[in-house]
Amino acid sequence: MDALIGAQLFNGLSVASINLMAALGLALVFGLMRVINMAHGEFLMLGGYLAFLSTSLLGPAAGVLVSLLVASVGAAVAGAIVHLLVVRHLLARPLDTLLATWGLALILQQLARDLFGPIGVEVALPAWLSGTAGESLAADGDGLALPASRLFILAAAAAVLGVLHLALRHTRLGLAIRAVSQDRMMAAALGIDVRRVELAVFALGAGLAGLGGVLLALLGPVTPTVGQAYVVPAFLVVILGGIGSLGGTAAAALLLGLVSALAQVVVDVAIAQLVMLLFVILFLQLRPEGLVVTRSRALDA
Amino acid sequence: MRFVAEGSARGPKAWRRLAAGLAALAALALAGCGERTAKDAAGATGPDDGATVAVGVLHSLSGTMAISEIAVRDATLLAIDEINAAGGVLGRKIRPVVEDGASDPAIFAQKAAKLIEQDQVRTVFGGWTSASRKAMLPVFERTGNLLWYPVQFEGNECSRNIMYSGAQPNQQILPALAWAREQGHRRFFLVGSDYVFPRTANLILRRHIEAAGLEVVGEAYVPLGGTDFSGVVSRIRASGADIVFNTVNGDSNVALFKQLSGAGLPPTKLPVMSFSIAEQEAQAMGPAVAAGSYAAWNYFQSLDTPENAAFIKAYRARHGEKATLSDPMAHGYLNVWAWKAAVEAAGSFEPDVVRKAAVGIESISSPLGTVRFAANQSLVQPAHVGRLRQDGQFEILWSSPGPIMPEPFDPLAFPGQSCNPG
């Protein structure tokens, strides 16, 4: 039982890092534009399929590393296109962005179904990602097995979080993003090109999702609807974390990952999801603004 | 107040619109009737014109099940064309009416009724998921028509209006258990997708494992399409299982196998026996992910018989040299031949006469080998255990000594029930 709990603590971290990768982009976009991007999951899917194409073309060893770049850039470009063609024109109408991005999600899913078929594809892993770290640990059934792929995802998520934090704190774009998040009109008055910042953030959010898609593909199949499975927990993470706070998003991802993983020690996956939802509902009853409360003019308005 | 005034002001206009709409609707209905009677007139000469006989082919051609079911439709149509080329049935050509069940049980029921009542088909070949079969069953019982069902299933059902050619649990799951026991496996972990087939299959497995004095060390379910097996894998590790019996459906298997391998338990170290991975699924997912795992079916493409070689050759001539064949396709194919044999034995297309004749036929030659239908309208057929190779084909490790009699109701899990369609 102790081994099981230990394993589940690790799995909780792992699930948290995946949810975080899915939630970061969503949180950025929502924090800045108040746009709920229903097609966010489809950028994950796009990243997954780009990883599948990269590994099919280049082989697993080089493919996985190349796909990290290809998927994030590819998804970012797709995100920029979506922003320019659809989202930008609907910014003043939140309900319409909701519907338009949902429609877009359906279109992208069908496109993937037509291109790759409805059955999920597998991204082949290089040897260094498919084993466990420390075979001696994994040798007997009681020991703790740390899959290399999960360790890699954990490290990647931590790195992305760190880089994003530094970028928001210490770059001009980061400064502009924070300024627009806090007070759009004042930022515009001070000469910040709000539209360009929005474009950059939407592309950045999509790119992060694309990167997340590659990480998902290390654990499971890439299917046309893979994004749907991850976008709901991602929404939960964003809501639980409190809007407009990276730290809150990270903490919420961790909290939800651990709740659902530890619930699985005693119940099935389906029930564990139920437990997680109940937890979020109860938590929001007690703290409606989420884990971290951010004061912002945009929110006050 | 203002609202009411506005409404009444709009009144006459609205009425006019409504009247226009009704008129249009009536016109449409009339046109529809015209079309319908024209079709019926054609239909009247259709099924019984002495030249052709209409049969329904009802599979999902769209939606999530399409990838699996389109192949079964193709195998069914292959058999129909072969029979037509050889002169048809009772001197008539078979005229297939193909419909799309759209991966939706309600649409399956609706299309089954359409095929029987409008197209007046004499029998229907189709269905895949148990949900689609359960939805169609009342339609076939009400109309007295006959469905030929090609997929392995959980048993526990017995209708005189269905010919069950897919494996009953004792023709797939239990032979696999017997084989695993022979191999010295003692501690079983049962994992499945959360729906009727895995739940029922695992109930039957559990009863038989416990009756044999072996141990079920864990049982876990993941929602259909779920990809998070982290908890399941931890439980498998902690349970000390020496084999996993897997009824996970579809591409969730990619996640299961990947996460098992990631936790240091590839199929070479911890054997996995799957009941929902055939050649088609392995090919679509990428066979490498589950290579080395076991599967139990009544048919493998790698079966080395002249009948199977002919089947593969004929199918590939139409669908390309790389086309993959699998168990449900072979069943879909043999169902048409079995229907032909039964019609000829009965000398009639009448469904009720055909089904009675079908169970009296001594032997039907098929890609599976020689099979026949038992009195309970399920197929008497052999079972095999295979190991998935890197190329997506199965190496056959074990075959049942002979054909196995089908048992729709497992005596341990559902005692006291029997199936006598009469």
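Domain bounds, as used here, come from an automatic or database domain assignment. On that basis chain B is divided into domain 1 (52-167 + 303-381) and domain 2 (170-297). This is a predicted model, in which local features need pLDDT of at least 70 and side-chain atom pairs count only at pLDDT 80 or more, while totals for chains, interfaces and linings use all residues. Residues are numbered from 1 along each chain as its sequence is written, and chains are lettered from A and ligands numbered from 1 in the order in which they are written.

The C-alpha centres of domain 1 and domain 2 of chain B lie 29 Å apart.

In chain B, an open sheet of 3 strands has the order E11-E12-E13, with antiparallel pairing; strands are DSSP runs of E of at least two residues, helices runs of H or I of at least four, numbered from the N terminus, and two strands pair if DSSP finds at least two bridges between them.

| Strand of chain B | Residues |
|---|---|
| E11 | 364-366 |
| E12 | 369-373 |
| E13 | 379-380 |

Strands E11 and E13 of chain B stand at the edges, each with a single partner strand, so one side of each has no neighbour in the sheet. E12(B) and E13(B) pair over 2 bridges, and Phe373(B) has Leu379(B) in E13(B) as its bridge partner.
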